[in-house]
Amino acid sequence: MATVQRIIKRYPEGREKSALIPILHIAQAEFDGWLSPATMDYVASILNIQSIEVYEVASFYSMFNLNPVGKCLIEVCRTSSCWLMGAEDVVRHIEKKLNIHVGETTADGQFTLKTVECLGSCGTAPMMQVGHEYHENLTLDKVDELLNQWKAEGKRSRYC
Amino acid sequence: MGKKLLLEHIDVPGINTLSVYRQKGGYASVEKALKTMTPEAVVEEVKVSGLRGRGGAGFPTGMKWSFLAKPEGVPRYLVCNADESEPGTFKDRYLMEKLPHLLIEGMITASYALGARTSYIYIRGEYFYVAQILEKAIAEAYEQGLLGKNIFNSGFDHDCYVQVGAGAYICGEETALLESLEGKRGNPRIKPPFPAIAGLYGCPTVVNNVETIAAVVPIVNQGGAAYAAIGVGKSTGTKLISASGHIKKPGVYEIELGVPVEEFIYSDEYCGGIINDRKLKAVVAGGSSVPILPADLILKTAAGEPRLMSYESLADGGFASGTMLGSGGFIVMDETASVVKNLYTFTRFYHHESCGQCSPCREGTGWMEKIMHKILDGDGTMSDIDLLWDIQAKIEGKTICPLGDAAAWPVASAIRHFRSEFEEYIRKGHSIKDVKHYYSTKGIPEPAY
């Protein structure tokens, strides 16, 4: 809460709504990596705005998850340069390895796989993001190594 | 070796810390501006430098600054656009990660010139770790009195904050960025009024790209004329180019504007040539939005002149045979790459990123993605090519913000220069069916054929 108050102070008086996106990031990190309606209502109450103002923002930005996700959210970039360098193979490989399709979560709730648009890692393509970590210059061997390691340690994505 | 104005000290160990950065002459531009120059004099130097916006549009920065309204008693803002999301572009990330103080120095100097007591760096949410690097650098700057009250005893106060976005390409459009910074959906505003008159919180605001703000530092230190002496014609100074795709040495390169494209692709100083020495097929020279050009047209203009890495030379020939420098996102494709499939990733991208506010873009981008998918799926018809052409033409110029144009140009240029490749996909139909990626990305089981 101290962090939230510190963020709100960055903006002029009466403009506290500017803190909405930063606070939603914190809320998502605190509440298992996704924003439930109850969480969003809570954020609205902190900023003294209507719930709908939170919903409309949360639903606009792709980083906010409006449905539960696995402990470890894997996001593979699929745009141009990453595609040129083999992003499709990476996606297919992870799908096979985890036995899920893009958009799904493993039965044990450990992994969710998503594809995302350009994350600014074109010179180090292909890449995937897990929480705030960038994993770049991927090869299928490197992906295997990471997945095995994350499985063993029960990895959680860090969001904040 | 070309002259390095921004990345000169990038390999110095510890250059991300304030102490090392200052040992290398860091924050001299703040001291010089605050102690010896009027704000108007700083603006004048930037005008003289010929610096153009490095985010993609290439609008003269000094002129943008001079449009800023200065009504009495109304705060002004400087907002740094660090929402770098244009596919193929990663220069700002590199600069902020390695040289956070260069950006902060530029923010203070530029804010002094504009009379802004508060500035925000709006950075895309996915660059969270970069935002943390910036936060740390800002904290160091406050500790040393480079931010806060009465900087260098000049009476100038300044606060700078980092604002993190949450994943929306559209927020790189300056008015969408301002909406987002106000805690709203990133829907671009109708202009006018321009941000220089009514921007953040309705106050006069300048929005500049990371690299543009960083370039203010060498301009103030060495003078606008010295900066203008570098480069060619109206393309002055240096530019960061993000090079990716099928090249031996992908990465960020600072070039003096005017380097020949051929030298940029093949010389060891830059990209080092094509992977496995294959043949060059096509280049997207300035980020996904700019027209793709085939090898012969990117290396030489239609008139046979060597093509240079400059705003004017890349645009030579208009869209018929030229392209744009854009954000400097330089994507190289070799002979093995499919322009049609690459275009599919672009149409999917723009469909995903359209904010949905204007019908031509909201509907058109989705329609184009569907047709591209149909063609890749082996179910295309020759008339689909004309339909794609028709749709892109009906998006271009008919939307509030330039995302519509950005979605249209890659389609138009791919058809213009690579029509035969589309026709091949359509003629051969199912025999070159290559849709595994589509099913995998849509999360539906791949059908058995």
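This is a predicted model: local features need pLDDT of at least 70, side-chain atom pairs count only at pLDDT 80 or more; totals for chains, interfaces and linings use all residues.
Which residues of α9(B) are buried?

Residues are numbered from 1 along each chain as its sequence is written, while chains are lettered from A and ligands numbered from 1 in the order in which they are written.

Now back to the opening question. In α9(B), the buried residues are B:Val210, B:Glu211, B:Thr212, B:Ile213, B:Ala214, B:Ala215, B:Val216, B:Val217, B:Pro218, B:Ile219 and B:Val220. Buried here means that 20 or more other C-beta atoms lie within 10 Å of the residue's own; exposed means 12 or fewer, partly exposed is in between, and the C-beta atoms are placed from the backbone. The helix covers residues 210–222 of chain B and is mostly covered, with 11 of its 13 residues buried. Helices (H or I, at least four residues) and strands (E, at least two) are DSSP runs, numbered from the N terminus. Just after α9(B) comes B:Gly223, with a positive phi of about 95°.

Helix α8 of chain B, residues 174–181, is mostly covered too: eight of its eight residues are buried. Among them are B:Glu174, B:Leu177 and B:Glu179. What provides the cover? It includes β1 (77–82), β2 (118–123), β4 (156–164) and β5 (205–209) of chain B, together with α2 of chain A. Contact, by the way, means that the C-beta atoms of two residues, placed from the backbone, lie within 7 Å. After α8(B) we meet B:Gly183, whose phi is positive, near 85°.

Those strands belong to an open sheet of five, in the order β3-β4-β2-β1-β5 (chain B), with mixed pairing. Because β3 (148–151) and β5 of chain B stand at the edges with a single partner strand each, one side of each is left without a neighbour in the sheet. From one strand to the next, the twist averages 25°. Two strands count as paired if DSSP finds at least two bridges between them, and β3(B) and β4(B) pair in the antiparallel sense over two bridges. B:Gly148 stands opposite B:His158 in β4(B). α8(B) lies across β1, β2, β4 and β5 of chain B, running at about 105° to β1(B). For angles, axes are lines fitted to C-alpha atoms, for helices over the stretch in contact, and values run from 0 to 180 degrees between N-to-C directions.

Let's move to chain A. It has seven helices and four strands, and its C-alpha trace spans about 50 × 35 × 25 Å along its principal axes. Of its 160 residues, 41% are buried. The domain assignment gives domain 1 (2–58) and domain 2 (72–153), with bounds that come from an automatic or database assignment. The C-alpha centres of these two domains of chain A lie 29 Å apart.

Chain A also has an open sheet, of four strands in the order β2-β1-β3-β4, with mixed pairing. Here β2 (111–116) and β4 (133–135) of chain A are at the edges, each with a single partner strand, so one side of each lacks a neighbour in the sheet. Three bridges join β1 (residues 72–77) to β3 (residues 128–130) of chain A, and these strands run antiparallel. A:Ile74 stands opposite A:Val130 in β3(A). α6(A) packs on the sheet, touching β1, β2 and β3 of chain A, and its direction makes about 155° with that of β1(A).

So how do the chains meet? How many residues does each chain bring to the contact? Chain A brings 43 and chain B 52. On the side of chain A that touches chain B, α2(A) gives the most, with five residues. That side divides into 19 nonpolar, 14 polar and 10 charged residues. Ala, Val, Leu, Ile, Met, Phe, Trp, Tyr, Cys and Pro count as nonpolar, Asp, Glu, Lys and Arg as charged, and the others, Gly among them, as polar.

Last stop, the core. The largest nonpolar core has 178 residues, and those with the most contacts inside it include A:Leu24, B:Val79 and B:Ile121. Such a core is a set of buried Ala, Val, Leu, Ile, Met, Phe, Trp, Tyr and Cys residues joined through C-beta atoms within 7 Å. Leaving out residues up to four places away in sequence, A:Leu24 touches A:Leu35, A:Val43, A:Ala58, A:Phe64 and B:Ala166.
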